[in-house]
Amino acid sequence: MSTVKVKVNGMQIECPSDATVLEAARQAGFRIPTLCYLKGINEIGACRMCLTEVKGAKGLVAACVYPVAEGMEINTNSQKAYDARKRTLELILSNHRMECLTCVRNQSCELQALAEEYGMEEVRFGTPKEMQPDIEQSTPHLIRDNSKCILCRRCVAVCKNLQHAAVIGPNDRGFSTHIGSAFDRDLGEVACINCGQCINVCPTGALTEVDSTYKVWEALADPKKHVVVGTAPAVRATLGEEFGDPIGTNVQGKMVAALHRLGFDGVFDVDVTADLTILEEGTEFIHRLQNGGTLPLITSCSPGWIRFCEQYYPEFIPNISSCKSPQQMFGAMMKSYYADKLGLNPEDVFVVTVMPCTAKKFEIRRDDQSAVNGLWDMDETITTRELARMIRKTGMDWSALPEEDFDPDFGEFSGAAVIFGASGGVMEAALRTVVEILTGEELAKLDFVDVRGMEGIKEASYDVAGTLVKVAVASGMENAAKLLDKIKAGEAEYHFVEIMGCPGGCINGGGQPIQPGNVRNFVDIQTLRAGALYSEDALMKMRKSHEVPLIKKIYSDYLGEPGSHRAHELLHTSYKASPKYPGLEADKKKN
Amino acid sequence: MNFVRSHVLVCGGTGCTASKSPEIIAEFNTQLKNCGLDSEVRVVQTGCFGLCALGPIVVVYPEGTYYAQIKVEDVKTIVEEHLLKGRIVQDLLFKEADAHGVEQSLNNTDFYLKQHRIALRNCGVINPEEIDEAIAFDAYKALGTCLTEKTPQEVIEIITESGLRGRGGAGFPTGIKWKFAAASPGPVKYVCCNADEGDPGAFMDRSVLEGDPHAVLEAMAIAGYAIGASQGYIYIRAEYPLAVKRLEIAIAQAKEYGVIGKNILGTGFDFDLEIRLGAGAFVCGEETALMTSIEGHRGEPRPRPPFPAVKGLFQKPTILNNVETYANIAWIINHGPAAFNCMGTEKSKGTKVFALGGKIKNTGLVEIPMGTTLREVVEDIGGGCPDGKKFKAAQTGGPSGGCIPASLIDTPLDYESMAAIGSIIGSGGLIVMDEDNCIVDIAKFFLQFTMDESCGKCSPCRIGTKRMYEILDKITQGKGTLEDLDILEELALHVKENSLCGLGQTAPNPVLSTLRYFRDEYEAHVVDKKCPAGVCKGLVEYKILSDKCIGCTACARVCPVDAISGKVKEVHSIDPSLCIKCGSCIAACKFGAIIVE
Amino acid sequence: MKTIEDLQKIREEMQSKISLRKDDGDSIRVVVGMATCGIAAGARPVLEALVDEVGRRQLKNVIVTQTGCIGVCRLEPIVEVFEKDKEKVTYVKMDPEMARTLVSEHLVNGRVVQAWTIGASE
């Protein structure tokens with residue numbers, strides 16, 4: 001890789017020849033402010049916050065897109081650049097509804113941080129304090145408030161470039177520009193997949209998830225309700241970020257302690273049903289493999305992926321596993337197995353999950369998700385961020401929380417379940433079980449490293465009892481589309497495919513703690529977070545789903561066998577094609 | 001026996017078309033048939049003659065008689081008197097022709113004397129819908145020369161030596177732009193033509209496309225040869241349906257003749273052309289926004305580098321030139337670069353087409369050598385301000401340009417001189433203002449345009465132009481302060497220096513320029529709360545003069561808001577709180593008793 | 001599909017058709033009186049013959065035009081020839097045959113046909 005020598009604020013450094021001024025400055029230890037820049041996703045030089053002085057250039061340059069050259073002299077802090085940034089910030093603030101004290105992003109808003117850094121005491125234009133909210137809430141997962149939008153276009157870029165959906169974009173122009181969907185229809189009327197990636201990259205409070213915490217508080221306060229909570233694997237890898245822990249810290253123990261202190265009657269782990277999923281889906285896979293069933297079998301635990309499949313690639317519905325997602329299985333098991341075990345009326349059991357995911361808010365009300373007495377399997381689901389808010393509300397001292405264990409009734413799980421949260425984790429977990437069942441032998445190595453890592457599409461093949469089993473893993477819908485197109489075109493053949501809605505898997509889910517642009521652009525948060533899960537798995541005694549005693553017990557006492565009739569009643573579901581533009585269908589009927 | 005002895009040329013530009021020139025042509029054909037002259041006299045529809053103030057224009061050759069403001073009813077007279085009997089119809093003449101009207105060459109009229117039509121050479125001369133006529137006037141001769149006698153490098157050298165600079169406004173040396181693109185690796189490259197012409201009041205490109213489309217087609221093919229491209233796109237605003245139609249006809253005819261398409265003139269060189277329509281966005285006249293629009297995306301500019309000559313349309317090396325720039329290319333090839341660079345100034349060579357508009361007698365299109373002074377344009381060519389009003393300023397470059405005050409009327413019109421005084425040549429729009437124009441109102445008008453047309457991508461332009469406009473609006477309503485002027489200037493400089501593209505970078509120019517030369521007028525608005533020109537409604541009052549009013553009640557009767565009160569034969573008065581300053585009363589008063597102050 | 005030679009041919013063919021529109025001072029103007037007296041005396045055929053002959057010979061520098069009453073009505077049809085830096089020549093009592101000869105003698109060969117001029121008729 002070739003390099004060039006440049007000077008940053010008088011200091012000589014050597015940086016890659018294809019670097020930008022922003023990256024060169026960062027390498028020299030200087031942070032140039034950005035608002036719209038998202039590396040590899042949104043590189044448009046639009047917000048003008050990164051304007052920097054380069055000797056000899058005509059005017060200031062946008063550091064995020066301006067390429068370095070040999071001998072370039074960069075001044076990141078000249079008075080001219082500072083003034084330009086401050087004026088631009090003032091203009092942006094003049095058109096941004098100032099509701100900082102009560103805004104959900106208070107203290108975590110990138111615009112607020114810059115305003116503080118640049119000493120914005122006075123905004124001489126517009127009427128930011130008198131602006132009215134401009135709310136759009138037509139989906140179960142998202143609230144958009146365009147009065148806070150700074151038009152950085154990061155949400156548009158992830159939706160188009162990472163998630164292959166492109167359902168949002170700028171409408172109108174000039175000062176009237178606003179982010180919306182085609183023909184200014186509601187988001188619920190277009191083919192949104194509820195993945196929430198847009199929320200993750202929004203620098204302000206313009207995009208936020210629908211808040212379900214008040215319903216959880218209500219349930220917790222209701223003496224008649226037996227409230228249980230299940231946590232997703234990915235939550236323990238990220239919850240600490242909300243409280244200042246370094247990225248990639250595994251806070252499982254504290255998370256459980258916090259949940260106990262919130263007043264849940266049962267603090268359980270969705271990892272248990274993740275193991276259950278492996279048993280069910282593994283059985284399904286073996287059955288298809290040995291009986292000429294539809295292959296490849298594609299995983300079904302990601303509701304964002306399911307939404308994508310039903311709307312964009314309905315021809316692959318027959319490939320999807322009939323298993324519910326671990327969350328939905330959790331709800332069903334709580335209201336059947338667990339309620340029976342404790343002698344509770346299922347109606348009195350209120351099931352909550354903490355998920356890294358916003359699509360889960362859509363999933364809990366899908367058709368065919370009420371296995372017990374017509375009750376919804378799941379009552380509520382909250383994101384990692386919402387849990388953090390609940391914890392903060394109680395005034396708990398995070399740093400003083402002890403390490404506690406999950407409640408034993410539904411708290412024993414394998415390392416295979418833990419790695420569900422990373423892209424490739426479900427595949428690896430399934431392989432550990434499927435390979436042992438098919439070969440009848442114990443696996444020498446449990447680490448299927450070929451399916452690990454943050455590449456968008458991963459492929460591997462394994463010789464299993466004489467059959468070359470070919471697998472593929474994709475995360476993020478742009479990669480899923482590429483993979484599916486390849487399969488459709490007959491260019492590749494697989495037996496088993498794992499697809500996760502969010503790039504990198506659930507650790508990068510739409511409900512995870514939001515990292516600002518200046519972290520996302522320079523730190524590989526996905527690898528760090530996934531690392532927490534793989535580390536936990538490596539240290540666990542039980543690393544295979546089928547050897548967990550609790551799982552064995554659930555089958556022997558309750559479900560019978562994997563794939564049994566009872567298992568199908570509780571733990572399986574079906575899918576159907578969904579029109580991309582239901583609003584248009586309705587219009588056609590009207591006219 | 002072919003004895004067509006007279007050609008009657010009728011202007012078919014959009015302006016004259018709107019004034020019924022097609023009907024005039026039809027009437028000529030009818031009348032000529034009635035008089036049995038239809039095989040001797042040919043009626044030809046041409047492009048724009050330039051003297052749009054006096055359209056529809058009809059020119060009769062071989063005499064060169066220039067009839068102006070012709071109505072359909074006049075046709076019979078022209079046919080019977082002039083074409084049949086040889087008697088020029090004096091009443092219908094363009095008034096500057098001499099007594100005979102015959103001897104006076106068109107070129108000697110004040111309007112045309114100082115002009116040197118190169119880009120407009122065929123406008124008003126040929127029928128743009130007949131490729132043979134274009135060929136008769138040398139169309140595609142230069143292309144043949146380039147393909148058979150010159151290497152691509154030689155073509156670029158000729159253009160560079162001519163000194164031709166981009167006529168769309170930026171003034172970048174055309175030869176150098178082609179050189180960069182030629183040096184970029186192929187094999188796929190593109191040639192684009194910017195026919196979006198968004199400046200209000202500008203119609204130079206429109207007239208070229210309506211009057212001589214083959215000039216542009218030929219030049220694009222030459223450009224393709226020079227840089228190594230085989231595909232061109234003409235991006236034309238959809239609001240020019242006549243130009244689009246003429247272009248489509250021209251392209252079809254050119255393809256039929258094989259001068260556009262595969263194996264042009266049998267030389268093995270391929271060059272194909274497509275038209276792409278704009279959709280009403282001024283910003284799509286910006287280079288990278290135009291390309292983004294052709295690619296099918298929302299027309300927003302992209303940061304540079306990379307520059308289009310390296311990575312442009314579809315990420316391939318691309319050149320984008322303005323219509324007028326292209327209109328000069330073939331002429332330069334045919335006549336040699338020296339014929340072009342002998343005109344103009346040291347750094348601004350050749351001629352430039354200006355669209356004269358506003359408070360000037362001879363509105364229309366003029367093509368003059370670079371370096372002609374503003375005074376010559378306004379007083380000699382333009383005929384001065386009508387109604388004896390005093391010249392106040394001229395706005396060049398439209399919404400991206402600055403104003404030239406009367407004190408600088410001897411400024412030469414070239415790139416350097418304009419830049420020195422804070423204006424730009426721009427695309428060629430030249431709006432003349434007189435003492436009755438309020439300069440603050442003019443600045444507000446232009447800013448409203450750029451504010452509305454801002455694409456919205458970058459913060460300084462999107463929000464800055466709006467905030468600037470709010471301040472200007474405040475000022476014109478009499479609510480401004482001196483501090484507002486300072487803030488306005490600060491904002492203007494910020495938007496100019498920090499916007500992503502040329503729209504934002506030039507939008508503050510009218511404001512900065514008028515603040516520089518007419519600060520006293522701004523101060524009158526904010527300090528004295530007066531509009532000296534009597535335009536800003538918030539600052540003027542309509543008053544009835546007691547010594548002139550005879551109480552005829554004419555004004556009260558036409559007032560749409562009943563703001564005028566008074567009894568018959570008694571002095572009337574206007575209630576300023578109700579008055580909407582529409583001016584109906586002034587128009588109705590026969591005694592000059594109502595004034596604006 | 002045209003070659004360069006094809007274009008050149010079109011160019012040449014069109015010259016005579018559009019030469020009328022060229023407006024340079026170097027052309028020879030041939031003006032025919034076409035007022036009522038002229039027309040009555042037969043100026044039309046004279047004009048037609050002139051135009052046809054000029055066209056046939058592809059004379060690029062000649063413009064044939066018309067005018068009103070020249071004044072000497074008894075000598076119609078009248079044809080006047082204006083050439084730069086030369087005195088005006090007025091031919092009188094012209095007919096179509098004379099017109100054609102005028103073209104070859106005066107316009108092509110530069111020899112004024114004195115016998116037909118107004119001076120000779122007096």
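Across the interface of chain B and chain C of this predicted model, four residue pairs are in polar contact, both residues being at pLDDT 80 or more. A polar contact is a pair of N or O atoms within 3.5 Å; within protein, one must be able to donate a hydrogen and the other to accept it, and residues adjacent in sequence count only if both atoms are side-chain atoms. The elements of chain B that give two or more residues to the side touching chain C are strand 1 (6-11), strand 2 (41-46), helix 3 (74-84), helix 5 (131-136), helix 6 (141-149) and helix 11 (241-257). Helices (H or I, at least four residues) and strands (E, at least two) are DSSP runs, numbered from the N terminus. Helix 5 of chain B gives the most to this side, with four residues. By class, the side of chain B that touches chain C has 21 nonpolar, 13 polar and 13 charged residues, where Ala, Val, Leu, Ile, Met, Phe, Trp, Tyr, Cys and Pro count as nonpolar, Asp, Glu, Lys and Arg as charged, and the others, Gly among them, as polar.

The contact (heavy atoms within 4.5 Å) takes 47 residues from chain B and 32 residues from chain C. About 3,300 Å² is buried between chain B and chain C, 58% of it on carbon and sulfur atoms; buried area is the accessible area (1.4 Å probe) that two parts lose on being put together, summed over both. In chain B, the most area is lost to chain C by B:Arg5, B:Pro62 and B:Leu265, together 18% of what that side buries. Two salt bridges are counted between chain B and chain C, a salt bridge being a side-chain nitrogen of Lys or Arg within 4 Å of a carboxyl oxygen of Asp or Glu. The side chains of B:Glu40 and C:Arg44 form a salt bridge, at 3.1 Å from N to O.

For the interface of chain B and chain A, 30 residues of chain B are in contact with 31 residues of chain A. Chain B and chain A bury about 2,500 Å² between them, 56% of it on carbon and sulfur atoms. Four salt bridges are found across this interface. In the salt bridge of A:Arg87 with B:Glu490, the closest N and O atoms are 2.5 Å apart. Polar contacts between chain B and chain A number 17 residue pairs, both residues at pLDDT 80 or more. Helix 17 (439-453), helix 18 (459-476) and helix 19 (482-498) of chain B each supply at least two residues of the side that touches chain A, and the largest share, eight residues, comes from helix 18 of chain B. This side of chain B has 12 nonpolar, nine polar and nine charged residues.

Of the two pairs of chains that touch, chains B and C have the most contacts. Chain A and chain C do not touch, and their nearest C-alpha atoms are 43 Å apart. Over all chains, the salt bridges come to 82. A:Asp367 and A:Lys576 form a salt bridge, with the closest N and O atoms 3.4 Å apart.

Residues are numbered from 1 along each chain as its sequence is written, and chains are lettered from A and ligands numbered from 1 in the order in which they are written. In this predicted model local features need pLDDT of at least 70, side-chain atom pairs count only at pLDDT 80 or more, and totals for chains, interfaces and linings use all residues, while side-chain values use heavy atoms, with hydrogens and water left out.
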